[in-house]
Structure formats: structure tokens, C-alpha cells
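Hi there,

Here is the structure I promised to pass on. Have a look at it first, and my notes follow below.

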Amino acid sequence: MSEVLVLVDHVDGSVRKPTYELLAIAKRIGEPSAVFIGGSAQAGAVAEAVKAYGAEKVYVVDDAEIKGYLVAPKAEALQQLAEKTSPAAILIPSSAEGKEIAGRLAIKLASGLITDAVDVTFEGGEIRTTQSVFAGNFTVDAKVTKGTPIITVKPNAAAPEEGAAAGAVEEFAATISEAAKTAQIVASQPRQATGRPELTEAAIVVSGGRGTGGDFTAVEALADALGAAVGASRAAVDSGWKPHTFQVGQTGKTVSPQLYVANGISGAIQHRAGMQTSKTIVAVNKDEEAPIFELVDFGVVGDLHSVLPAVAAEIEKRKG
Amino acid sequence: MTLSNIVVLVKYVPDATADRKFEADNTVDRVGVDGLLSELDEYAVEQALQIKEKRADEEITVTALTVGPPEAETAVRKALQMGADKAVHVQDDAIAGSDAVATSLVLAKAIEKIGVPELIIGGLASTDGSMSVVPAMLAERLNLPQVTLASVVETQGDQVRIKRDGDTATEVVGGTLPLVLSVTDQSGEARYPSFKGIMAAKKKPLETLALTDLGVEPGEVGLEAAWTKVESVTERPPRTAGEIVKDEDGSGATALVEFLASKKFI
């Protein structure tokens, strides 16, 4: 069985959930090999983490020399590793940086690239991807026809699968060119921890829009009762009520949770583009004509400031 | 280094508010659906113009570059109306159906043909394919640094500094010209063309180039040469509207709790 390279998504050695989802997909295709580009001091802990989710091998690329640079050095490291291992596929998280690494890698390896896959299957020796396009209105079934398939995969595309694997650690010394060390990260401000799940990874997302009037208390209370992430519409972000990192939609995050609760959000096409593929959609809106109601599995025509606190209180009560 | 040339990448896309569809060969229908300059590229044009205005003593030429069908002229025209100085439109029937890899090849060759500028600016993503990879691919092909997804852009001399809202951190990224920059919709509201701008645009140079002008073989681009293949495109069945209840004295909350419980969310 051939190896499938999985680029580990991590923050200073703390592995993020999409990595485990990618490992589950890699298992369908071949032998998962995690690629950790990071500090060698964290390699042990990362290896333990990915091994529990099926990584047969863990390549460690020490980033001491390249840590402060954007995208290009990681693409070079992956290129060299791919040339050495001839993998069946390379799976990369569909984050902003992941997609750019994949873009550069595709040119380097003269290989086809598919971004934002929401599913990846392997049948009859062929890797096929599913993508959701045009604001989720169409589903595209595609494959790579040249080189090593490079696929960026969206969060929640697969369920992580626990199951211990060998997790054999192997140091890989990549040779990084000076040309790749040109876009330098001069300062980095980690996102403030909210205590809630990350928006794109969350199983439940509770969002607020113009109808909140800028008061997200009720939205946040419901989110916390459900253990959900908090999102916002562009209108709420443009009004300065929430930072851009909360924005769900075409120019913000695309989410595909099990449950999406839209509160005081009318449901413009740009917002739909970011949430239409959610499994179950619920909306609370005062305006019964709001287009969001065309999408919902369940809708409440009413004031979110009275409905949401009552729902949150009842959930807390049931939890005991 | 003085800044003399900026190339802005613009794309002609089907209107997102129209009924977008696909052709029989699974490519995006770019002709049968009303198109326009991708909204997210307007921010790239805006940043190019702002940089030109801030560095008025350097006589910067802003060139809008597009690759697309004859209708794509609309996209570069809009850029000219906003204030770009000239436009280049690469148009060739052989290009139809190209993937991002081939598009980046055509863009790279076109940029080499018109002269590699100190600064290339693109948008966050196209509003149709929305892969967000062309700036990175172009940087790779031209062997340039990429300073991408900027929400704030500052340039001084040959230095470019941007703010980038990553998934886990907000970063300040710096680079030295020449480089490829891409900007998000947070970088600054794009201007509307003024009446004067619309009139002036009619006299601005718009050059059309074919693949032979770029030394690109027809076999290197288009649907057949794509490194990926779309096997099928399926329209998602429209979501059927579910149950909608009117809240009266708390009945809405009770009904919603019951719904969430029935779906095992609580």
C-alpha cells in the first residue's frame, strides 16, 4: 500500500481536529503518513497524538529555519518529501495557508489540485472528490488526472477515527531555498481563546446578524448551552459588532456543521454561500418574509431576544 | 526601488445573484449567464489605485489583466473606469475550460510579455471557482514572494507590510518588491466609477493578446489539458422549507426545544 501524506494542522504543536479527519480519509486510500512541520521539541507529543488516529509514519520537518516565513518553505518541504516517498496522494487542510501551500506544490510537482473537498472516496483504485460549489447549489464530483493528487479538504469532511497505528517517527531534513524565505511573518497575535469551539470545526454554530441590534448576549447564551461556536453575518461584522474572524459567508468562513442556527439573519446569497451545506438549519427571525426561511428545517418567526434565552434556559434545565 | 508598474489580476465571473449553471462538458457557463468583474477583485483594483495615489511622485502605471472569453472585456473595462491606466485581455478559444494551473500559466506568460512589474495584486478569491490559489501559483511560476490575504496594506519604498487574519492568529507579514500581493474585502471599500472615470475609460488602451502572442501552445491549456477532471456536476435539490412556527408568548421557544430534542441536539 502506498503512503498518503497528510499535512498536520497545528498551533505550536497542538494538533487541530482537521488533521484527524484527514488521517481518516488517508486510511481509505493507503497508509497515512503525517507530516509535521514544526518545532522538533514538540514532535514527540504530535507523534503521540496523530498515531492515535491512524498515522503509520510521522515525518518531522524541523521548522527552526523557516518558522517565520509564509507558505513557500512548507511547499518546498512537501515537494521534497513527495519526491522521496512517491505518495498516492497529498492531503492538506483547506485553510487559507493550506490552500496556498497546495497551490505552490501543484506547480512544483506538476500535479493536479482539488481544493475544498467535502468528501474523498477511493474505489477501484481511483481517488474521487466531492466539492460543493456556487453557494452550495451544485455538487461536483472530480478527480486529479496528472501527477500526485493534491487535495485540500474542508473541516468536517470526515469523522476522526481513533485506532492506534505504528506512528514511526522519521526526521526529514528539507533543503529550503533562500528564494522561499522572502515573505516574513514579522509579528503574530494568536487569536484570543473564546472557550468555544473553532468556527469551521464546530458541530454546532449559532450565528447572529443585523436582527441582534448589536447585542449578542442571547446568541452567545444559546451557543454556550449547545456547546456551539458563535458566528456572525456580514451585516453584523460591518457594523463592528463582531470581528471579521466570526463572519460566515462568501468572504468569511464556510461552515458545514451538523446544526446551524441563524438568528436575525435575512439569508442573502453571500451568507448562504457560507452555511448552506449545514446538515440541519434553524432560523429565528422577526421577519416572516426573510429568505433564510426558505432553507430551514425549522424556523421561528419571533424576536430572538426573547426566544433564544428561553431556549437556552430550557436546554440548561434539561442538562440538569 | 521605485514602483513604476502594478498589474492587477481581474476575473470575469457569472453574477452570483443570477442563476449560475454549468455547460454540458461540466465547465462553468460563462456566456449564457450575465457576468461581471468579480466583486472581490474590485478590492484589488482599489488597493492598486490607493497605492498609486499615495505614491503620486513615482508615476505608477496600473494595468488590469484578465484571461477570459470576449465578454471578459467587461471586467477590465470596469477596472479602467475605476481608474486603472490600461488593460490587457488574453483571449483565445483554446483557453476555455482551463483549470487554475493553466490559468496561472497564461497569467505568468502574459505578465512576462508585458513586463514583470514590481507589484502584482489579486483578490481574495474569484466568486465562481473560489479556490484562492491563483496568486500563490503565479508567485510560484514567476519565482516571486507572496504576501497574501491582506486586510491592511502598507507600502514604503520597496517594502510591503500587510495584516493577515489567519485561522489561528493575526499576522503582520512583510516582503520586498517585486512580489505578489492579494487583498481581502476588509482592505478598504472599492470605489464606484465616476462619470468622468467612465468617459475617460473609453480612451484608455486595451490590448487583446492571443496564446500565440504569449508563446503558449493551445495544448497546454483548456479542458483537455487540465490536470483535474470533473466527472459530474449535480444540482443540489433545493432545500424544502421545513416547519415554520410563529412565536406567541413563548410557544416558539418550546417548539424549537422540541425540534432540537427530536434531532438529538439536546
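I'll begin with a loop in chain A, the one between β10 (150–153) and β11 (168–171), where A:Asn156 is found. Please keep in mind that this is a predicted model. Phi of A:Asn156 is near 70 degrees, a positive value, although the residue is not a glycine. Is A:Asn156 buried or exposed? A:Asn156 has 21 other C-beta atoms within 10 Å, and the cut-off for buried is 20 or more, so A:Asn156 counts as buried.

For context, most residues other than glycine have a negative phi, and most peptide bonds are trans. A:Asp12 has 11 other C-beta atoms within 10 Å and is therefore exposed.

Chain B has a backbone feature to look at as well: the peptide bond that joins B:Leu177 and B:Pro178 is cis, with omega at about 0 degrees. You will find B:Pro178 in the loop between β9 and β10 of chain B.

Now to how the two chains meet. The contact takes 69 residues from chain A and 65 residues from chain B. On the chain B side, the elements that give two or more residues are α3 (100–114), α4 (134–142), β7 (146–156), β9 (169–176), β12 (228–235), β13 (243–246) and α8 (251–262). By class, that side of chain B divides into 29 nonpolar, 20 polar and 16 charged residues.

Strands also pair between the chains. Strand β17 (residues 298–301) of chain A pairs with β13(B) in the parallel sense, over four bridges. Within this pair, A:Val301 stands opposite B:Lys246.

There is also an open sheet of ten strands with mixed pairing, in the order β12(A)-β9(B)-β8(B)-β7(B)-β10(B)-β6(B)-β1(B)-β4(B)-β5(B)-β11(B). Its edge strands are β12 (184–190) of chain A and β11 (206–209) of chain B, each of which pairs on one side only. From one strand to the next, the twist averages 30 degrees. Inside this sheet, β6 (residues 119–122) and β10 (residues 179–183) of chain B run parallel and are joined by four bridges, with B:Leu119 opposite B:Leu179.

Two helices of chain B lie across strands of that chain. Helix α1 (residues 39–54) lies across β1 (5–9), β4 (61–67), β6, β7 and β10, and runs at about 165 degrees to β1(B). Helix α4(B) lies across β1, β6, β7 and β10, at about 75 degrees to β7(B).

Finally, α4(B) also packs with another helix. The axes of α3(B) and α4(B) come within 9 Å and cross at roughly 50 degrees, so the two helices are oblique to each other. Their crossing is right-handed. Which residues of α3(B) and α4(B) meet? From α3(B) they are B:Ala100, B:Val101, B:Thr103, B:Ser104, B:Leu105, B:Leu107, B:Ala108 and B:Ile111, and they meet B:Val134, B:Met137, B:Leu138, B:Arg141 and B:Leu142 of α4(B). Sorted by class, this contact has ten nonpolar, two polar and one charged residues.

Best wishes

Notes
Residues are numbered from 1 along each chain as its sequence is written. Chains are lettered from A and ligands numbered from 1 in the order in which they are written. This is a predicted model: local features need pLDDT of at least 70, side-chain atom pairs count only at pLDDT 80 or more; totals for chains, interfaces and linings use all residues. Two residues are in contact if their C-beta atoms, placed from the backbone, lie within 7 Å. Ala, Val, Leu, Ile, Met, Phe, Trp, Tyr, Cys and Pro count as nonpolar, Asp, Glu, Lys and Arg as charged, and the others, Gly among them, as polar. Two strands pair if DSSP finds at least two bridges between them. Axes are lines fitted to C-alpha atoms, for helices over the stretch in contact, and angles run from 0 to 180 degrees between N-to-C directions. Angles under 35 degrees count as roughly parallel, over 145 as roughly antiparallel, 65 to 115 as roughly perpendicular and the rest as oblique. A crossing is left-handed if the near helix is turned anticlockwise from the far one by less than a right angle, and right-handed if clockwise. A residue is buried if 20 or more other C-beta atoms lie within 10 Å of its own, exposed if 12 or fewer, and partly exposed in between; C-beta atoms are placed from the backbone.
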